[in-house]
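Good morning, and thank you for making time for this presentation.

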2 protein chains.
Amino acid sequence: MGVGELSAINGVAGAYTEQVKLIHIVGTTGTAVQKRNAMIHHCLGPNPDHRVRKMAFVRATSRLIPGRSTKRYPPTSAQRTAGWMTSILRLRRSIIIQRVLRTCLETSLPVYIFVPMDFVHPLVIPPAPSQPLDVPPAAAAAPLIETVLSELYSARSPVILVDALVSRHRATREARQLLDKLRFPTFSTPMGKSIANESAPYFHSTYNGKVSFPGVAAFVEDASDLVLDLGPILSDSNTGGHTRTIAAEKLISVHPHELVVRGKSFPGTSIRAVLAGLAAAVDTSKLPEVPRPDVLSPPELEVDVAEEAITQSWIWRRVGEFVRPGDVLIGEAGTAQFGLSDAEFPENLTYLTQIYYGSIGYALPACLGAAVAKKELGSEGRVVLVTGDGSLQLTAQEVGTMVKLGLENVLMWVPVNWGGGQRQSADAAAG
Amino acid sequence: MGVGELSAINGVAGAYTEQVKLIHIVGTTGTAVQKRNAMIHHCLGPNPDHRVRKMAFVRATSRLIPGRSTKRYPPTSAQRTAGWMTSILRLRRSIIIQRVLRTCLETSLPVYIFVPMDFVHPLVIPPAPSQPLDVPPAAAAAPLIETVLSELYSARSPVILVDALVSRHRATREARQLLDKLRFPTFSTPMGKSIANESAPYFHSTYNGKVSFPGVAAFVEDASDLVLDLGPILSDSNTGGHTRTIAAEKLISVHPHELVVRGKSFPGTSIRAVLAGLAAAVDTSKLPEVPRPDVLSPPELEVDVAEEAITQSWIWRRVGEFVRPGDVLIGEAGTAQFGLSDAEFPENLTYLTQIYYGSIGYALPACLGAAVAKKELGSEGRVVLVTGDGSLQLTAQEVGTMVKLGLENVLMWVPVNWGGGQRQSADAAAG
């Protein structure tokens, strides 16, 4: 509470904005001093309310804005996203934990569990095995799947976009199965990279509005008659600074909790269920054959051949060649994010970055988290961090944690004095 | 906004809780993208409200709690504590700045000035010289001053407590003048140390409820017939874990915006005006002579003489002997705060610490700020920081800023592996 909770709140806001599952367990004052609003250190101001919700921005940004659907991002009630361990009933406390963790999994948003000091030691009763924590989403309705499939069958120049909310809502496996069956020309957004298999013959490059490789925007936006848009998150840096223009009547958008087919909304559908339903039901013999348009190959710039120094246009594609299947690659906000959009990743890479929230200093602790997870899971592959000396200074302490935990599988690449990405970011926000 | 604003919010909450003047200037997105809730990087969630008030805890903790006066801490409206530089009128924008800065000075609370990107370059018109920024408080009413003075004249065993809100509300000079005239037995609280001249013959030691030096609690709480209580902030670590028990009928409490004389409240009085009024009007010939009670001398513990290692009970009084008049001494949360309560400071020392909010990592950036201020003011004396290796890790980056700024007058003392204070803190909150 107080100092610890507020020190962590920027990270929580990042998880909220990027739709990343995060469980924040907060130790608090005991319930007796809470009741009399005692001025205990780490509380806020006079007559302190020890339970003041500091994550007020959640409610503020979840409210319905007229004319703009928020169905694809369900408003999360305080009760669902935060639980206080203060029931005297042992089973009740475990049910609260269960409810909060389930909300985390279902919404892919951060949640809080508050544990007052007098409730640290009391035991809980585990919920019955008949009440699993992770409830799979309900299957998508067959007529809805048929509607989408008939659109796919009748398309002549379909395109697929793969965006970040696919992986954030745990639909990566289902998406890959579907892509392998459809084999339509496929692009990632900057935030969606590494979800699609980038070495597959149907994969092209990054679609980032008008700042994509030459020819890509025209191919996606103009030459297509159908765009299957998986898990879009339409922030500025993920849409070429809002230069993405795809007509609504050619879009089939699969949002985490809503399907939109050429402007018609079907709320309450889970992205994982929709992609699984499509992959299971598709009759590949009915799909159009779409030849690979060779005109979309990445450009080889003359400057890269003639230049004796390392150039931005050269280095990032080499980072893509350096990483291997099974690796986790983490790109820091700014330069690395913009550069890595140009890279082509190997199959089965996990690319972690925070493009919408873009909090400088994010990448190093994210690298720590990935390395811990890889170690605990006994998973093969390296954890590769690309950051800068400026970003590093915000969270450099976590290098100490890496050493303490004996994480030996981490590669850090820290170019010095690269500020280009930060400048580009600032310009884009000028509006 | 967003990432920067939330990264700083723990520091802002500390200033709010400790009543420290802080001006947070926040650069934001341009007004055009704000109007359409554009998803610009660093914003929060979908359909982002770019102006969501993240400092929601201010309103939450300022609300009136029945039966507990908040008059001494005026609720601060959003309009008074935050200003948006979005008026098209040049004079209006400077008036907004003026209003916000005046609120900061009057309330000693943090304030925000938000500058959208399209309002960074437009010039403002300075307010008229007839409208000064810092308006001195209205003089305290003469009958009120007389009421307090007659209490002081008729007391037989008066005691004075000096607490942190004296200096936070810029009444240190007035308090010192008054203390020098009254010459009553005087004690500091842990948070109030260095406001009173600790080498004055009337000064004794730290009063911290029942965990003061032997004899102090009985002298202050039981043997007194009047306690003049200057700028109290009654948090746990400033009251010996809420063991302070002084009968309301013997208390004259001078709060920042309220005077309470033996239970009777006089709201709307400024602490600075009250102390100035008392110092100006007191007739010292009418004051009681109070002999210095020698029984209250600090104890010399046998362990300090026999021990070959450095002991907690020995070291902190030596730190008090080490610092010199004109120095600024900064004590980190935990061990240093508890220990420095035992030290006796030289005259004209400034002691900075954050005992109520107690955010670990506070002291090093506070030291940086003090060193910058001393350099800019051309003020004599050193800046002495006492912290620990654990605390240092939270904000160690600011050592780099010190080096960059060429601050050569800083002494840092960093004992390694001292965790006692943190443990004591945690126990106190168990409630």
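How much area do domain 1 of chain A and domain 3 of chain A bury between them? Before I answer, please bear in mind that what you see is a predicted model. The answer is about 460 Å², and 49% of that area is on carbon and sulfur atoms. I quote an area here because the size of an interface is often given as the accessible area lost when the parts come together.

Let me place these two domains in the chain. Chain A is divided into domain 1, residues 3-116, domain 2, residues 142-286, and domain 3, residues 302-429. Five residues of domain 1 of chain A and six residues of domain 3 of chain A make up the contact. On the domain 1 side, A:Asn10, A:Thr17 and A:Glu18 lose the most area to domain 3, and together they account for 82% of what that side buries. By class, the domain 1 side that touches domain 3 in chain A consists of one nonpolar, three polar and one charged residues.

What joins the two sides? Between domain 1 and domain 3 of chain A there are five residue pairs in polar contact. The number of salt bridges across that interface in chain A is zero.

I turn now to chain A as a whole. The chain contains 18 helices and 14 strands. Of its 431 residues, 55% count as buried. If we take the contacts in chain A between residues at least 6 apart in sequence, 70% of them join residues at least 24 apart.

A:Leu296 sits in the loop between α11 (271-281) and α12 (302-306) of chain A. Is A:Leu296 buried or exposed? A:Leu296 counts as buried, because its relative accessibility is 4% and the cut-off for buried is under 20%. Setting aside residues up to four places away in sequence, A:Leu296 touches A:Phe187, A:His204, A:Pro214, A:Gly215, A:Val216 and A:Phe219. Take A:Phe219 from that list: A:Leu296 and A:Phe219 are 77 residues apart in sequence, while their C-alpha atoms are 8.5 Å apart in space.

B:Thr353 counts as buried, because its relative accessibility is 5%. Its side chain reaches the backbone oxygen of B:Gly331 at 2.7 Å. A polar contact of 2.9 Å also joins the side chain of B:Thr353 to that of B:Gln337. Apart from neighbours within four places in sequence, B:Thr353 is in contact with B:Glu18, B:Arg168, B:Gly331, B:Gln337 and B:Tyr362.

My last topic is charge pairing. Side chains of opposite charge can pair when their charged atoms come close.

In one of them, the side chains of B:Arg262 and B:Glu151 meet at 2.8 Å, N to O. B:Arg262 lies in the loop between β9 (258-261) and β10 (264-267) of chain B, and B:Glu151 in helix α7 (142-154), so this pair ties together parts that are 111 residues apart in sequence. B:Arg262 counts as partly exposed, at 31% relative accessibility, whereas B:Glu151 is buried, at 19%.

Another salt bridge joins the side chains of B:Asp229 and B:Arg244 at 2.9 Å, N to O. B:Asp229 belongs to strand β7 (226-230) of chain B and B:Arg244 to the loop between β7 and β8 (251-255), 15 residues apart. Both B:Asp229 and B:Arg244 are buried.

Finally, B:Glu174 and B:Arg173 form a salt bridge through their side chains at 3.5 Å, N to O. Here B:Glu174 is buried, with a relative accessible area of 8%, while B:Arg173 counts as exposed at 59%.

Thank you for your attention.

Key: Residues numbered from 1 in each chain as written. Chains lettered and ligands numbered in written order. Predicted model: local features only at pLDDT ≥ 70, side-chain atom pairs only at ≥ 80, totals over all residues. Heavy atoms only, no water. Domains from an automatic or database assignment. Contact = heavy atoms within 4.5 Å. Buried area = accessible area lost by both parts, 1.4 Å probe. Salt bridge = Lys/Arg side-chain N within 4 Å of Asp/Glu carboxyl O. Polar contact = N/O pair within 3.5 Å; in protein donor to acceptor, adjacent residues only side chain to side chain. Nonpolar A, V, L, I, M, F, W, Y, C, P; charged D, E, K, R; others polar. Helix = DSSP H or I, 4+ residues; strand = E, 2+ residues; numbered from the N terminus. Buried < 20%, exposed > 50% of the residue type's maximum accessible area, 1.4 Å probe, protein only.
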